[in-house]
Amino acid sequence: MLLVFVILSMLLYLIYNLIPFNRANAIAEQYKAAYKNNPEGLEKLKLEKEIELGLKKYDENGEPQKVGIFMRYLGWLGLAPVNGQYNGILQGNFGISYQYNERPVLEVLAEPMQNTMFLNIFSVILALAVTIPLGIFCAVHRGSKRDSAIQVFTIVGYSIPFFIIAILFIWLFASTLGWFPVSGMKTPGSDYTGMQKFLDQLYYMALPLIVMTFGSLGGMTRYVRASMTEALTMDCVRTARAKGVKEKVVVYSHAWRNALIPVITLVIGWFISIFAGSIMLENIFGLNGMGKILIQSLTANDLDMVLCLELFYASIGLLGNLIVDIAYGIADPRIRVNK
Amino acid sequence: MKTKVLALLLVLLMLVPCVLAACGDKEGTNSTSSGATANESTGDSSDASSGATTDTSTETVTKDYDMPEQDESVLDEDWNKVIIGSTTDLSGDFRFPGYGGSSAVASDIDINNLTVGYSTMEVDRYGAYQWNETAVASHTEEEDSDGNFVITVKINEGLKFSDGTEVKAVNYLAYVLAYSSPVVKANKHPAMAGNAFVGFNDFNNYSGEGSPAEVKDEDGNVVAHPCKEFKGIRLLGDYEFSITIAAPTYYPYYYADTYGAISPYPLDLIVGEGVEVKDDGNGAYLTDAWYAKADGSTDDALLWAKADLLKEARYDVSKYAFSGPYVISNWDSSTKEITLKVNKYYAGNWEGQKPPIGTIVYTKVVQETQMDAIKNGQVDIISGLTGGDVVNAAIDLAKTDGFSECHYDRAGYGKIQFDCDFSPAMFTEVRQAVSYLINKEEFASTFTGGYGAVVYGPYAVVMPQYKDVEQDLQIEPYDYSIANAKKVLEDGGWVYNSKGEAYAEGGTGVDSVRYKKLEGDEASEANIAFASVSNDDGITYKTVKVGDDYYMPLVLNWFGTDNNNVTDMLSAILVSGDGPKQIGMVVRSTTGDFDALTGQVYRDPDYGYADPPKYSMYNLATGWNSAIYDYAFNWRLDPAWFDNSVNKLYDEYDVAFPYDEHTGLTYEEAMEQSDGKLGMDYLSMAMVYSVEPGDTENYNKWWKAYIERWNYLEPDIPLYGNVYYDLYNSKIEHLQTSAYFGPASAVLYCTVKKPA
C-alpha cells in the first residue's frame, strides 16, 4: 500500500507539474502596477519568488539555476531541503493555497471538509436506509407489480445525471413550490445557535440531500436486488426453505448474508465517498464543499491544493480497498486469509 | 405490453428536461424585442433618478442622487436590513484585500469598502477620487525645493474608530510605514506601500539596528542607505502629517494627488503592542520593537517577532476596531457569509453620508439560480446581470410589484487584441482590415442579447474623460465594409501572390491570400519564419522568398479561449465567414485555456510558449475600476518594457519624436514640434507625466489625442461593452449603482421601507 502511495504521489506530482504554469510569475504579475516604471525590479521579484518556491536555487557561482523536477518532488515530500529547510508533507506541510489568500492548504480544507461530510453522511445513511430494504423487497417479490414499478423508478433515477435531477428539483421544489431555498447553506443573516442552527442547516441541506439520495437510489437498489436475486436461488436457500425455516430467516440470515459480498464493495465505497465532494452538486447549490474547492483549485492552478486533495483521495481509496478486504472476511469466513 | 409502458414512461421522463429547455428558449426569443427597447433606455437612468441639491462646505453642487439621512432610532430594527447576493465567494481577506497585489477578490473589496473609512480621499460614484471633507480638515499641495510633490494633510479632530478610540495622524501613517518595511515580507507582503514617497528605498532596506550602512546591487552600485526614518513621510502633530512624492519618477504626475489617499487603521492592528509611530524631525519611523527578531533569526535569513501579528491581522474580523460605516458582526467562513452592523461612531463618507441601513448581510448566490433567490426573498439585491435572457428575466421581474432594477454601462469591453511586432498583424492596415470585417454593432447586440454597446477606442462611455471630449473626438468606427478593408490592404502593399506577382482574386491554395513584400526591418527573423498554424484544410501559408525578397501571406494565427461565446462568434465571422475570403485573408483559429493564452501573449515558456512567436491575435476583455486612466509605460520601445508590453506596438511616430528626448512640453508645443505626429508612447507618457494634478483641461487634450491615435492604429478591436443590470427588492429605496459604484457602495445612500 505504501509503495502504491509513493508511486501515485510521484505520478501526480509529475503530471500536475507538466501543466504550463509558473506560480512565481503569477505572484509577480500581481505587483506589476507597482513596478510599472521599474521592469528590472519586477524581474528581480520574479526571481525572488522562484527561489522562495524552490523552483530555482543559486549555484556556487551565485547564479540562479532551475531545480530539477525530481528534486522538487523530494522537496515537496520533505525528503530534500528547499531553501535549506526540510519542510514538506512528511513534516506536515501540505503547501500553500495561493487561490485562498496564501493560507496553508489544510487550514483551507477544514471547513469544506466538514460541510461535505455533513451532507454526505446524511445522504449515505438515508440512501442505504432506503435502498437496501427496497432492493431486498424487490428481489423477494421479483416480477410483482410493485417490483416492476420500483424498477421503472430506479432505472429513471439511474439514467438521469445528478445535475439534471438537481436542476429539475430546484425548479420544482424551490422555484415553483417554494418549499426549499434555491441555494446556500443557512438563512442569510441568521445567527442561530444549537438545535436551531442545526435545523436551519438541515433545511438548507434538504434539497441537495434529496437530490443526492434520489440520484443514488436507482443504482444501489438495483444492485442489492440483483445480488439478492442471485442469492435467493442458491442451494443453501432452497435447502433452508425445504427444512421449513421461516421465510424471514431465510431472507435475512441465509440469502442476505450471501448477497452481502458484492454489496459490501459498494457500501464501503459510499462511506469512503463521504469525504469526496460533488463538483456538480456543490456548484449548483452554492455549497462550500470539497468538490467545489477541487474544481476551483484546478481552474486556478492551485497545485498544492490539488495535489493534497488528490493524495487524500488516493489514500482514502487505498484505505477503502483494505477495509473492503477485511469486510469480505467478516461477511464470509471462506474469504478470510489463512494464517 | 409491460415493456412498451416502461419505454413510454422513460421517454416521457427524459422529455421533461427538453420541454423545460424549450420553455427557456421561448423566453430567449422574446428577449430580442424587449431587449432592443431596454437598450434604448440605457441612457435614461440618470434622467429617471430624482435630482437633489446638497450644500457642501465649499460649493453648491447639484447631485443627481439622493442622500437620505440616518435615523439612529431604527438602526437596530430587524427590518432595517439588506441582504446583498454575490456570485463571488468571500475569501476572508477583508482587512487588506489582495495584500498589496492586484488579485483581490471583488467581494472582499466590497467588505473592505464598507468597513474602512476616513480615507483622506475616496472614490465617488463616477470613479473619481475626492478629498474626504469629513476626515480632512485641510490639505495643501506644493512642490519642495527638489521638485518633489508635498501633500500636507490636517485631519479633523474627534473622528473615532468603532471602539470609540480617536483617529489621529499616527493611524494614517502606521500602515504606510509598516507595509513599506521588510518586516511585512515575513507574511509575503511586497512591502511597497510607500514606494512613491521620497526615501522609500532607504526605509525599505532598514531592518532594525545593525542594518548595513549601504546596500549595493549586483553591479556594485549603491542603491540604498538603510535608514530608520522614512524621509518622505512626516508626522507633524497629533492631527497633521505630510507625504512627499518623489520627483522625477512619481512626479510630475497627473494622478500624484491620489498617492495622498491614505486610510487610517488601529495601531494595534498594524504594528501590535509596544510599537509607536514617531518623528524626530527627519521623517516618521516605527520604534525598534517593530524590528524585533524572532528566535533563530540570522543575518542571512531574518525572522521577525511580528510575523504572527501580521498573519493574525490580515484575517482579523473582530479583534481590532473598524473605521468605516460598518463593522463586521459575524463572518461565517463555512457558508461564506458576512453580517455587518452599522458603526455608530462613523461620521460619514467624503460627502458626509452616513449609512441609514442598520445591517448588511453579504452572501453567496449561484449565478444560475440568483433570480430565484431574489424572487424567494433569500436575498434583496443581485447585481451585474448581463446577457439577453437574464436581463429580460430581470426586467420582467422588475415590472412586477416588489422589485426594481437599475442599470449602467460597464467600464470595460471585450476585444480582439493584436501582437503588433510580427506577422501581418504588425501592419496597421491589416488590423484595420480585420476591424472592417466585423459588424461591431451586430456583434455587440448578439453577444449581449441587445443589452450592450460598442466603443471605438480604449475607453468606456462612463469615463469622465470621454464625456468631456466626446463631442470633439474624431474617431473612425470602422463600420463593416469589404470595400474599405480591401482598400486599406491595397494601400498598404498587400498586392502580391506567393510568386511575387500581382494578386488576383479567386486564387486557390496558397494563392488564395494576398502577400506583402517585406521591406528593410520588416524582414525580421520572426516574419521570415512566419507560417500559418492549425492548418485543418491542409494548406500551410508561410513567408516565401522570391529572388532576394520575402513575401508574407495575409494570414492571422488567432489564439482564443475555449468554451467562450466570443471565440465562437468570432470564429463564425473570421474563420468560417466569407469576409476574409473576399479580401484575400485567412484567419487560423487555435483554442486553449486562459493560461495558455496569456503564455502566448507574454511569450512565457513556462506557459507553453516556444520561439518563434506564432500567434498575433487573441480575444480578451479589459476594464477599469476607477476613472484613473494611466497607460504610461505600456508603449515604451525600450526592450525592458516592450517585451512585456501587451500589444508590442512599434509606433513610428515615437521613433521620430521620442518622449525621453522631448519631455516637459505642453500639448501645443509637442504637437507643433512633432508636426502633429505624436506616438502612442509619447501621448500615454505625456498624458500623465506632463500634466499637473488637477489640470483636467490639459489632461483631456492628451487623452483625446491618445484615443485618436490608438483608434487609427487599432492595436485592439473593441467588440462589445455590456450594460449591467442590478435587480433589487423594492423595499430598498434610493439605490443607484454605477460601473464604479456597486451595491456594496450604493447601500450607504439607501433606506429600507419600514414594513406596514
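Reader: How many residue pairs are in polar contact between chain B and chain A?
Author: This is a predicted model, where local features need pLDDT of at least 70, side-chain atom pairs need 80 or more, and totals for chains, interfaces and linings use all residues. Numbering runs from 1 along each chain as written, chains are lettered from A and ligands numbered from 1 in written order, and side-chain values use heavy atoms, without hydrogens or water. With both residues at pLDDT 80 or more, the count of polar contacts (N or O pairs within 3.5 Å, donor to acceptor within protein, sequence neighbours only via side-chain atoms on both) between chains B and A is 22.

Reader: Which element gives the most to the side of chain B that touches chain A?
Author: Elements giving two or more residues there include β14 (326-332), β15 (337-342) and α1 (2-40) of chain B. The top giver, with nine residues, is α1(B).

Reader: Which residue of chain A meets B:Asp332 in a salt bridge?
Author: The interface has six salt bridges (Lys or Arg side-chain nitrogen within 4 Å of an Asp or Glu carboxyl oxygen). In one of them, at 3.6 Å from N to O, the partner of B:Asp332 is A:Lys186.

Reader: Which residue in β23(B) is the bridge partner of B:Val544?
Author: β23 spans residues 549-553 of chain B and runs antiparallel to β22(B). Within β23(B), B:Val544 bridges to B:Tyr551.

How values were computed
Helices (H or I, at least four residues) and strands (E, at least two) are DSSP runs, numbered from the N terminus. Two strands pair if DSSP finds at least two bridges between them.
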